Amino acid sequence: MNMKPIEETIVGALGIKMVEVSKDRVIATMPVHAATHQPFGLLHGGASVVLAETVASFGTWQNVDQEREVAVGLEINANHLRPKKDGIVTAIATPLHKGRTTMVWDIKIQDEEERLICISRCTVAIVANEQRRG
């Protein structure tokens with residue numbers, strides 16, 4: 001499957017930037033501003049979930065055969081612990097399980113003072129790259 005340019009995806013629309021991407025840790029930042037706010041001017045929980053699934057998917061992608069497989073979100077949960085009005089949040093993802101068909105990632109989203117904003121767990125499915133078939 002050909003990957004779209006990041007700026008043409010929700011990752012680009014929300015301003016998510018990758019800081020570190022490896023098989024065992026992914027770190028990304030996201031601004032907290034109008035595009036990531038809910039109607040009361042706080043970081044939208046859905047934006048935090050997008051950030052969490054993004055880092056989990058990028059981490060899984062590092063662990064698969066990129067010619068034959070793709071990583072897609074299968075399940076995610078999130079606990080929103082603290083509101084955030086502006087600034088930057090940072091997501092740090094580490095794998096809890098690396099399987100052949102799924103990976104499970106622990107994601108901590110924190111503010112500039114390393115206070116937890118959101119904790120999340122994301123299961124990512126590893127599926128066949130449809131463009132490689134037939």
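**Cysteines, strands and salt bridges**

Cys118 is buried, with a relative accessible area of 0%. Buried means under 20% relative accessible area, exposed means over 50%, and partly exposed lies in between (1.4 Å probe, protein chains only). This is a predicted model: local features need pLDDT of at least 70, side-chain atom pairs count only at pLDDT 80 or more, and totals for chains, interfaces and linings use all residues. Residues are numbered from 1 along each chain as its sequence is written, and side-chain values use heavy atoms, with hydrogens and water left out.

Stay with the cysteines. A disulfide is a pair of cysteine sulfur atoms within 2.5 Å. By this rule the structure has zero disulfides.

Now turn to the strands. Helices (H or I, at least four residues) and strands (E, at least two) are DSSP runs, numbered from the N terminus. Two strands pair if DSSP finds at least two bridges between them. Strand β3 (residues 69-80) and strand β6 (residues 116-128) run antiparallel and are joined by eleven bridges. Within β6, Cys118 stands opposite His80. Strand β6 also pairs with β5, again in the antiparallel sense, over nine bridges. Here Met103 has Val124 of β6 as its bridge partner. The hairpin of β5 and β6 has five residues between the strands. In that hairpin, Glu114 takes a positive phi near 65 degrees. In a regular strand the side chains alternate between the two faces of the sheet.

Strand β5 spans residues 102-110 and includes Asp106. The Asp106 side chain makes a polar contact with the side chain of Lys108 at 2.7 Å. A polar contact is a pair of N or O atoms within 3.5 Å; within protein, one must be able to donate a hydrogen and the other to accept it, and residues adjacent in sequence count only if both atoms are side-chain atoms. Contact, by itself, means heavy atoms within 4.5 Å. Leaving aside neighbours within four places in sequence, Asp106 is in contact with Ile92, Ala93, Thr94, Leu96 and Ser120.

Next comes helix α2 (residues 45-62), where Ser57 is found. Ser57 is buried, with a relative accessible area of 15%. Beyond its neighbours within four places in sequence, Ser57 is in contact with Ala71, Gly73 and Val124.

Finally, the charged side chains. A salt bridge is a side-chain nitrogen of Lys or Arg within 4 Å of a carboxyl oxygen of Asp or Glu. The whole structure holds seven salt bridges. One of them joins Asp111 to Arg115, with the closest N and O atoms 2.7 Å apart. Asp111 is buried, at 4% relative accessible area, whereas Arg115 is partly exposed at 40%. Asp111, Glu113 and Arg115 are linked in a network of salt bridges. The side chains of Glu20 and Arg25 also meet in a salt bridge (2.8 Å, N to O). Glu20 is partly exposed at 27%, and Arg25 is partly exposed at 36%. A further salt bridge brings together Asp65 and Arg68 (3.5 Å, N to O). Asp65 is partly exposed, with a relative accessible area of 35%. Arg68 is partly exposed too, at 49%.
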